[in-house]
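Hello,

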Amino acid sequence: MPDAEHPTRVALLDVSLALADERPLAALPVDEIARAAGVAKGTFYVHFADRGEFLGALHDWFRARLAERVAEAVDGVPAGSPRLRVGCEAYLDACRDAAGVKAMFSSARGEAVVDERIAASDAAWARACAVDLEHMGDRRAPDTARLLVAALAEVVRVEVRDGPQPALREAFRALFGLDG
């Protein structure tokens with residue numbers, strides 16, 4: 001199996017993210033992904049054993065780009081409420097910018113590999129958020145962080161479907177003490 005950064009593998013993942021902005025997961029056949037990446041269908045299977053492995057890799061690829069964007073946004077922002085607010089806004093903006101990707105992963109729920117990866121990445125986001133909640137004096141920071149991540153996912157879901165939701169974001173910030 002080629003390494004995760006192999007140029008062809010990267011091209012297949014990048015093309016898939018772009019295609020996901022145009023249509024749901026069910027409408028993304030391997031043939032079309034390979035053709036858009038400029039490779040043969042068999043090359044797809046050199047990099048991904050099956051569709052489940054591909055979906056897991058695509059999820060990881062998207063989440064890595066999302067994490068980069070959040071890290072860039074919070075760089076130098078003080079811990080606690082300021083960093084948590086900036087990080088949540090960056091997360092929401094990045095997900096909204098990649099609406100097709102989020103819709104694709106919503107339709108991929110039920111795929112065991114995707115469900116496992118979503119659960120793992122949600123847990124990682126919650127651990128990161130808990131640090132800032134602890135700085136804010138939250139004695140239940142790990143549990144609050146789990147709820148924050150779930151609420152963040154709901155805002156993403158609504159914004160992907162309906163576009164920007166300033167009032168919903170305001171309510172989110174108020175709920176978690178991030179309004180100022």
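Accessible areas here come from the Shrake-Rupley method with a 1.4 Å probe. On that basis the protein exposes about 9000 Å². Carbon and sulfur atoms supply 55% of that area. Please keep in mind that this is a predicted model.

Fold first. The protein has nine helices and zero strands. Along the sequence the pattern reads α-α-α-α-α-α-α-α-α.

Next, overall dimensions. The C-alpha trace spans about 55 × 35 × 30 Å along its principal axes. The radius of gyration is 18 Å. A compact globule of 180 residues would have a value near 16 Å, so the two agree.

Then packing. Of the 180 residues in the protein, 42% are buried. Take the contacts between residues at least 6 apart in sequence: 66% of them join residues at least 24 apart.

On charges, the protein carries 22 positive and 29 negative ones. Their mean positions lie 3 Å apart.

Where is P29 found? P29 sits in the loop between α1 (7-20) and α2 (30-37). Its relative accessibility is 39%.

Best wishes

Conventions:
Residues numbered from 1 in each chain as written. Predicted model: local features only at pLDDT ≥ 70, side-chain atom pairs only at ≥ 80, totals over all residues. Heavy atoms only, no water. Helix = DSSP H or I, 4+ residues; strand = E, 2+ residues; numbered from the N terminus. Rg over C-alpha atoms; globule rule 2.2 N^0.38 Å. Buried < 20%, exposed > 50% of the residue type's maximum accessible area, 1.4 Å probe, protein only. Contact = heavy atoms within 4.5 Å. Lys, Arg positive; Asp, Glu negative; His and termini not counted. Charge placed at Lys NZ, Arg CZ, Asp CG, Glu CD.
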